Amino acid sequence: MVENLFLELQNIPEVEAIALGGSRAGVHFDEKSDYDVYLYCTGSISDDVRKEILEKYCSYIELSNHFWELEDNCTLKNGIDIDILYRNLDDFTNDVAGVVEGFNARTGYTTCMWHNLLTCKIIYDENGNLQAIKDRFNVPYPKELKKNIIEKNLSLLSGMLPSYDGQILKAVNRGDLVSINHRTAAFFESYFDVIFALNEKTHPGEKRLVKLCKELSLLPLNFEENISKLFADLYSEPSEIAEDLKVILEELKKII
């Protein structure tokens, strides 16, 4: 079913490449795994054209969602979800180049798009442009990028007035559960960005991060235990949170 869908999508004049991401791009997936599909286009494709094709293969369609990128979120007639994201290849290339060649660090998830490019499985590439971009960025992890990611995100973790550890403690003292959750999530966005940079690995995204990090060679002492304790204390032992954050940060700094 999905192969026929891909054939129809690649026949759209504006589509120059199609790639699979996520688990479907590797070997660790089963028949129930979702599809993450990236269409690299030279121009916009009308809703009507996309809808006409998708209705042949999907039992449910949400057309033109704009929550992150332009995407159609659907369920195939066999019950498997499929997300189709539409990208301009030049814009995507410039975004990755800013990180890999410009060494621009971000506040968490810095190398996710680079990871997405390197790990994607190309299933259509009319002129070889996507493969050329993939080859261009298949390079060793830049030392300058590593340095910038660590410096920027470490400062956000602790040591500055707006750093996340202080924001978490203020939220705890206010009893502000929503803010606690928000600032803790931001804390770990930067925390994991530092860990992947230290190991000179691209960031795989937000899922299964603890499990994936346990496969890395450089990891803070009691990595999983310290994270678990912080989350347990956030809502049950607020008096312990300051010490939890201190331990997490101390163990991180020891490996930098």
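## Y141, a buried loop residue

In this predicted model, Y141 counts as buried because its relative accessibility is 8%, where buried means under 20% relative accessible area, exposed over 50% and partly exposed in between, with a 1.4 Å probe and protein chains only. Y141 is placed in the loop between helix 5 (129-136) and helix 6 (143-157); helices (H or I, at least four residues) and strands (E, at least two) are DSSP runs, numbered from the N terminus.

Neighbours within four places in sequence aside, Y141 is in contact (heavy atoms within 4.5 Å) with T111, W114, K146, I149, A197, E200, K201 and T202. W114 is 27 residues from Y141 along the chain, and the C-alpha atoms of the two are separated by 11 Å.

## N116 and its polar contacts

N116 belongs to helix 4 (residues 112-119). At 12% relative accessibility, N116 counts as buried. The side chain of N116 makes a polar contact with the side chain of Y38 at 3.1 Å, and another with the side chain of R87 at 2.9 Å. A polar contact is a pair of N or O atoms within 3.5 Å; within protein, one must be able to donate a hydrogen and the other to accept it, and residues adjacent in sequence count only if both atoms are side-chain atoms.

Leaving aside neighbours within four places in sequence, the residues in contact with N116 are Y38, Y40, R87 and F92.

## Nonpolar cores

The largest nonpolar core has 52 residues, of which Y40, F137, F187, F188, Y191, F192 and L252 touch the most other members. Helix 8 (residues 177-198) gives the most to this core, with 11 residues. Such a core is a set of buried Ala, Val, Leu, Ile, Met, Phe, Trp, Tyr and Cys residues joined through side-chain atoms within 4.5 Å. Another core, of 24 residues, lies apart from the largest one and includes L20, L76, I80 and Y86.

Beyond its neighbours within four places in sequence, Y191 is in contact with L157, P220, F223, I227, I248 and L252.

## Helix packing

Helix 8 and helix 10 (residues 223-234) pack at an angle of about 170°, their axes being 12 Å apart. Axes are lines fitted to C-alpha atoms, for helices over the stretch in contact, and angles run from 0 to 180 degrees between N-to-C directions. Helix 8 is therefore roughly antiparallel to helix 10; angles under 35 degrees count as roughly parallel, over 145 as roughly antiparallel, 65 to 115 as roughly perpendicular and the rest as oblique. I180, T184, F188, Y191, F192 and I195 of helix 8 make the contact with F223, I227, L230, F231 and L234 of helix 10. By class, this contact has 10 nonpolar, one polar and no charged residues. Here Ala, Val, Leu, Ile, Met, Phe, Trp, Tyr, Cys and Pro count as nonpolar, Asp, Glu, Lys and Arg as charged, and the others, Gly among them, as polar.

Helix 1 (residues 2-10) and helix 2 (residues 47-57) also pack at about 170°, with axes 10 Å apart, which means that helix 1 is roughly antiparallel to helix 2. In helix 1, N4, L5, E8 and L9 meet I53, L54, K56 and Y57 of helix 2. The residues of this contact divide into five nonpolar, one polar and two charged.

## The chain as a whole

The chain contains 11 helices and six strands, and its C-alpha trace spans about 60 × 40 × 30 Å along the principal axes. Of its 256 residues, 46% count as buried. Among contacts between residues at least 6 apart in sequence, 58% join residues at least 24 apart.

## Basis of the values

Residues are numbered from 1 along each chain as its sequence is written, and side-chain values use heavy atoms, with hydrogens and water left out. The model being predicted, local features need pLDDT of at least 70 and side-chain atom pairs count only at pLDDT 80 or more, while totals for chains, interfaces and linings use all residues.
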